[in-house]
Amino acid sequence: MAVERVIGIETEFGITTRNPHGFDPVGNSILLINSHEAVQAIKAIWDYAGENPLLDARGFEVSGERERPSQKDNRAINKVLLNGGRLYVDGAHPEYSSPEVMNARDLVLYEKAGERVLEMSRQAANRLLPPDAHLYIYKNNTDGKGNSYGSHENYLMARGVPFEKIVEGLTAFLVTRQIFAGAGKVGAENQTDPVEYQISQRSDFFEAWIGLDTMAKRPIINTRDEPHADEEKYRRLHVIVGDSNMSEFATYLKVGAMAIVLSMVEDGWVRKDLALEDPVRAIKEISHDVTCRRKVRLKRGVELSGVEIQREYLEMAWAYYQGREASPQVLDILEKWAWVLDKLEEDPWQLHRHLDWVIKMELIRSYMERRKVGFEDQRISMLDLQFHDIRREKGLFYLLERQGLVERIVTDTEIEEAVEFPPPDTRAYFRGMCLRKYRDQVYGASWSSLLFDTGDAAVKKIPMAEPTRGTRKLVQEVLDRSGSVRELFDNLTG
Amino acid sequence: MSEQERKVKRPKESPKGDEAQATAAVTEKGKELKERMDEVIDEIDEVLEENSEEFVRNYVQRGGE
């Protein structure tokens, strides 16, 4: 699997209002996702059958409550989207899951499409709310007071790779990739050492190396084993250690480099010993140093900086692709990865168009210089928050984007299309196109199934255990000649 | 493998002689950016949430995931 891989990303958003007294984040999140007409027109429920987030990749099951809401609640907190993704309420946050895509560029596209869906929903909700109750949505990962919410990447991989190999191959990569994937943060949280500004929003919150939790005692390597696919063949690696990125470039490199390293892990190509003495300490040490020069200790006694550890992975990647075919996109990712590491070593400031943490740091530095204020000024904390505001007219990232001050990977037109249509090359295509064509007959959906109400007593299920099937190439023709769901079933089974 | 795919060629290291030139270019870029940022900062003050202090203090989320 050297070229393409099934990937997806989940983003939890912060939600607030100007007058927060008595503000109910759950109720308002439900209102939010039920406000936009196009989203709300789809009545499909989320099919929880077959989901088990309590299975551990190391081979045991953990006791706990599985999620099974009533049908009415199910519909209130779940929206299946025309692009094959899912909009839902998770705890006290609105959350978007991208559809399954096959490469890093499409991941950027569908991740950004999610922001647009949230923004349309926010505008629709605010038309129903009095001005002082208007909703504000932030794509960041912390409230600055010790509460964190996540951005989770999902990578489908071969089941046959032993979990220890994944841990061994990925830990140092995941601990250090924040030097280009971090979203930047003013201050420190969770009883870590004080700092004015740090690279990552999330690093302060990681307290364990390996584990099943995502809400407390967060682990660098998450062991949730829920493939949403043929479990004999696949594992879904659930990466919870990333920040939400506003920068398209940062998302592209974060996911692209990760997918490459994962292929190397699968093929037994991560052969250098990069085991860290203390990954939980190292992730914070690296985040707390914006010069990127701080060295962390490896088990074998040497000390390396984040850039140096990333270079070790990049070296292995160049070697891995010698004699292997690589897509133009893989080559582009390798080149950008190399270029970014060079710039980080020379002077991270040079990446003020590319990486969230540098873009935001430069913005804050310029503001402080011009307004003659320091980090203690609350406007600086406001800048830190409003950088992640998803409103395109008020969000500070978008203000910079409008001025042409940040690098882009995709276009606005492509993002708008990604709101409406699924990616062509995964099962998300079948999901999205069935919702478009047979909207009122789709009774339910999950990542690995579609349920149809054909008018018969029982709901009919189409299992989709293979994420690389259901593509445009495989199903467009049958969809074209099936005017109704009944015909679709006849054509699929006939 | 599709025909678009090509063999990986590793980019060569840039020659060391370019360093002075590169530094000059970075300085020039820095000046340019500074001027642009001056305009941006004015625009930021226009859109920055009023009563920042209160807004930031009130921004409290429940932990998620």
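This report describes the contacts between and within the chains of a predicted model.

## The interface of chain B and chain A

Two chains meet in this model, and the contact between them draws on 41 residues from chain B and 65 residues from chain A. The size of an interface is often given as the accessible area lost when the parts come together. For chain B and chain A, that buried area is about 4900 Å², with carbon and sulfur atoms giving 58% of it.

Charged pairs also cross this boundary. Seven salt bridges are found across the interface of chain B and chain A. One of the pairs joins A:Arg370 to B:Asp38, whose closest N and O atoms are 3.4 Å apart. Polar contacts can be counted as well: 20 residue pairs, both members at pLDDT 80 or more, are in polar contact between chain B and chain A.

Which elements of chain B give two or more residues to the side that touches chain A? They are helix H1 (19-47) and helix H2 (52-58) of chain B. H1(B) gives the most to this side, with 15 residues. Sorted by class, the side of chain B that touches chain A holds 15 nonpolar, eight polar and 18 charged residues.

## The two domains of chain A

The domain assignment divides chain A into domain 1 (7-414) and domain 2 (424-493). Their centres, taken over C-alpha atoms, are separated by 31 Å. In the contact between them, 27 residues of domain 1 of chain A meet 24 residues of domain 2 of chain A.

About 2200 Å² is buried between domain 1 and domain 2 of chain A, and 59% of this lies on carbon and sulfur atoms. Within domain 1 of chain A, the residues that lose the most area to domain 2 are A:Asp47, A:Leu82 and A:Glu100, which together account for 28% of what that side buries.

Four salt bridges are found across the interface of domain 1 and domain 2 of chain A. The side chain of A:Glu100, already named for its loss of area, meets that of A:Arg431 in a salt bridge with an N to O distance of 2.8 Å. Between domain 1 and domain 2 of chain A, 13 residue pairs are in polar contact, both at pLDDT 80 or more. The side of domain 1 of chain A that touches domain 2 comprises 14 nonpolar, six polar and seven charged residues.

Side chains of opposite charge can pair when their charged atoms come close. Over all chains, a search of the whole structure finds 54 salt bridges.

| Residue | Partner | Closest N to O distance |
|---|---|---|
| A:Asp47 | A:Lys461 | 3.9 Å |
| A:Glu362 | A:Arg365 | 3.0 Å |

The salt bridge of A:Asp47 with A:Lys461 has its closest N and O atoms 3.9 Å apart. Because A:Asp47 lies in the loop between strand S3 (45-46) and strand S4 (55-56) of chain A, and A:Lys461 in strand S20 (residues 460-463) of chain A, the pair ties together parts that are 414 residues apart in sequence. A:Asp47 is buried, at a relative accessible area of 8%, whereas A:Lys461 is partly exposed, at 46%.

A:Glu248 counts as buried, with 1% relative accessibility, while A:Arg408 counts as partly exposed, with 28%. Both residues belong to a network of salt bridges that links A:Arg116, A:Glu248, A:Arg392, A:Glu401, A:Arg408, A:Asp412 and A:Glu416.

The pair A:Glu362 and A:Arg365 lies within one element, helix H11 (residues 356-371) of chain A, where the two are three residues apart, about one turn of the helix. Is A:Glu362 buried or exposed? At 5% relative accessibility, A:Glu362 counts as buried; A:Arg365, at 37%, counts as partly exposed.

## An enclosed helix of chain A

Helix H8 (residues 279-287) of chain A is largely enclosed by the rest of the structure, because eight of its nine residues are buried. The buried residues of H8(A) include the charged A:Lys284 and A:Glu285, and among them are also A:Pro279, A:Val280 and A:Ile283.

Note on methods
Residues are numbered from 1 along each chain as its sequence is written. Chains are lettered from A and ligands numbered from 1 in the order in which they are written. This is a predicted model: local features need pLDDT of at least 70, side-chain atom pairs count only at pLDDT 80 or more; totals for chains, interfaces and linings use all residues. Side-chain values use heavy atoms; hydrogens and water are left out. Contact means heavy atoms within 4.5 Å. Buried area is the accessible area (1.4 Å probe) that two parts lose on being put together, summed over both. A salt bridge is a side-chain nitrogen of Lys or Arg within 4 Å of a carboxyl oxygen of Asp or Glu. A polar contact is a pair of N or O atoms within 3.5 Å; within protein, one must be able to donate a hydrogen and the other to accept it, and residues adjacent in sequence count only if both atoms are side-chain atoms. Helices (H or I, at least four residues) and strands (E, at least two) are DSSP runs, numbered from the N terminus. Domain bounds come from an automatic or database domain assignment. Buried means under 20% relative accessible area, exposed over 50%, partly exposed in between (1.4 Å probe, protein chains only).
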